[in-house]
Amino acid sequence: MELLLSLAVGLTIACGVWLVLRPRTFSVILGLTLIGYAVNVLILLSGRLGAQMPPISQKGATGLADPLPQALVLTAIVIGFGMTAYLVALSLRALGESGDDRLDNQDRNPADADPEA
Amino acid sequence: MTHLLLLPVLIPFAAAALLLLLRNAPMALQRSLALAATLGGLLVSVLLLVQQSEGAVASYALGDWPAPYGILFVADRLAAQMVLLLFVLALPALLMALAGSDGEGPHFHALFQLQVAGLAGAFLTGDLFNLFVFFEILLLASYALLAHGNGPRRSRAGLLYVVLNLMGSALFLVALALIYGTLGTLNMADIASLLPLVPEADIGLVRASFAILIAVFLLKSAVLPMALWLPHVYSVAAMPVAALFAILTKVGVVALLRLTVSLFGDAPVAQGLLLPWLPILALGTIAYGTIALFAADRLGIAAASLVLISSGILLFCVAFASPEGTSALLYYIPHTTLATGGMLMLAGLIGKRRGPLEDRLVRGPCVGNRLAIGGAYAVLAVAIAGLPPLSGFIGKLMLMQSVAPPHWQAVWWAALLFSGLCMTLVLARIASLLFWQPDDPLPDIRTGSSGRLAVGLLAAASPLLVLFAAPVSAYATAAATQLHQRTPYLDAVLGDAPPTQRERRP
């Protein structure tokens with residue numbers, strides 16, 4: 001299970017990094033969201049996996065689930081959500097102002113446009 | 001006065017919440033509330049500095065949860081100094097905003113107070129996760145402040161800045177997850193006491209997690225491969241915002257200093273994480289800032305390049321982190337923050353007065369009110385370039401004498417002196433372009449008395465740092481000694497409680 005989850009985290013981050021390196025804001029935002037998901041899973045993993053661990057002390061239980069990573073991940077999710085919302089708003093504004101959703105068009109010459117565009 | 005420690009964070013937070021509620025109230029009310037909060041913060045941080053200068057490290061546990069658990073604030077001399085510096089910079093920035101630019105967009109004052117609260121919290125927190133939270137607070141406020149006032153240049157620069165910092169935040173979280181997974185704690189003092197005891201099997205993972213954390217702090221403090229965003233972002237921000245941004249890179253520097261000195265100490269697991277390469281990158285940053293300074297086509301970009309150079313200088317000191325070097329560093333930080341903040345503010349002010357030329361470095365009519373603005377420019381330029389008799393000269397002298405070990409000495413002196421020479425050249429050329437033109441000067445635009453006061457305050461900082469050089473450097477030396485002893489910090493946080501029993505997890 002640990003191996004599966006760590007592979008999933010690694011793969012998601014790899015996809016996210018690839019998307020972040022794309023030139024358009026939409027894929028960058030998707031990439032950042034993917035990386036955010038992977039990081040949240042990683043934080044949850046830092047408390048160790050355990051199917052038999054009760055969250056609150058019970059009679060006869062051998063151990064307890066670590067509550068701290070859950071608190072941390074909740075904070076991280078909330079912050080990540082706010083940041084993504086702000087980023088979407090900002091990129092929409094940039095799109096509205098310049099009519100282009102590329103991240104790198106400071107003084108772009110229209111002649112050397114991306115062939116994929 | 002045990003609650004004093006919390007007030008530099010709490011006052012701006014409460015003011016921000018109140019200002020958000022009062023968003024439709026008359027501007028005069030919002031302005032006076034923001035001013036009152038900043039003045040209150042300044043007063044509290046002076047009290048905190050006086051309290052900390054007596055020597056004891058104060059710690060404050062929210063909700064009175066004992067040390068390794070709970071939310072912890074710690075003030076030693078370093079933290080008290082940085083909080084005071086923050087409010088000393090925030091006051092002129094706010095005064096400049098009161099001169100009119102706060103009305104260009106909604107919620108300026110609430111965001112400004114939020115950013116101040118985030119900065120103060122980042123200096124005072126005793127817990128790595130709360131450091132992350134305060135970083136996010138100050139970043140979110142800075143994203144919104146950067147977009148304050150309209151313009152495509154601002155949204156575009158803001159977009160790059162946000163994406164870059166979101167990547168930084170993701171890395172920060174990865175580092176925190178790995179540290180918690182291996183060490184089982186995020187309390188800084190607790191980490192410091194656990195680091196010498198890391199079991200053999202975990203060493204690789206612990207080193208990797210701290211390396212990631214260092215990368216995050218270096219991104220915040222704009223070291224070379226991750227510095228390319230800075231001139232762009234700082235030069236498009238509105239005047240008061242840019243001035244406050246001058247302290248943003250210093251948050252990364254101070255966090256890194258805290259990490260290497262308070263947390264790592266001489267624990268073998270953390271050896272060699274910084275040393276072979278950080279001085280080289282720092283020197284590279286100085287070189288890059290110097291080249292960017294020559295290439296600058298706007299005064300704003302030139303001022304941002306000065307921030308880069310100062311970032312490189314500070315990081316070079318942090319890399320070696322000797323007690324003498326740290327005390328020189330702690331004298332240099334207030335000087336460089338206030339002077340570059342003043343220069344960024346002045347760039348905006350001059351840009352406003354030159355009309356269509358903005359702050360482009362091209363020949364044009366001379367800026368109006370030459371005496372006041374030119375005078376402020378001259379003082380700031382002399383201070384930044386490190387010419388005698390102002391504080392840059394004293395600061396650089398202290399840095400030269402104390403920072404580098406012998407085999408780095410030559411290249412360190414060369415970097416400091418050569419970058420100083422280049423700064424002198426470029427700043428003098430800019431001065432002759434802006435102030436030394438034969439045409440009739442432009443008509444003077446009234447800035448409003450608070451704006452004049454703001455520039456005056458920042459320009460006065462450097463002469464004051466020279467006049468009071470003895471007490472300031474004595475305080476810096478005491479702060480560096482306290483930081484390098486490490487035990488005062490650890491004892492104040494963990495107390496004499498027995499070490500917490502931890503289960504060894506698989």
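**View 1. Chain A of the predicted model, built from helices.** Chain A contains three helices and zero strands, and in this predicted model the order of its elements along the sequence reads α-α-α. Of its 117 residues, 25% count as buried.

**View 2. Helix H3 of chain A and its end.** Helix H3 of chain A runs over residues 67-98, and its 32 residues reach 47 Å from the first C-alpha to the last, which is close to the 46 Å expected at 1.5 Å a residue. Just after H3(A), A:Gly99 takes a positive phi of about 70°.

View 3. An α-helix has 3.6 residues a turn, so residues three or four places apart point the same way.

**View 4. The contact between chain A and chain B.** The contact draws 27 residues from chain A and 24 residues from chain B. On the side of chain B that touches chain A, the elements giving two or more residues are helix H5 (128-146) and helix H6 (152-183) of chain B, and H6(B) gives the most, with 16 residues. By residue class, this side of chain B divides into 18 nonpolar, three polar and three charged residues.

Terms used. Residues numbered from 1 in each chain as written. Chains lettered and ligands numbered in written order. Predicted model: local features only at pLDDT ≥ 70, side-chain atom pairs only at ≥ 80, totals over all residues. Contact = placed C-beta atoms within 7 Å. Helix = DSSP H or I, 4+ residues; strand = E, 2+ residues; numbered from the N terminus. Nonpolar A, V, L, I, M, F, W, Y, C, P; charged D, E, K, R; others polar. Buried ≥ 20, exposed ≤ 12 C-beta atoms within 10 Å, placed from the backbone. Expected span 1.5 Å × (residues − 1).
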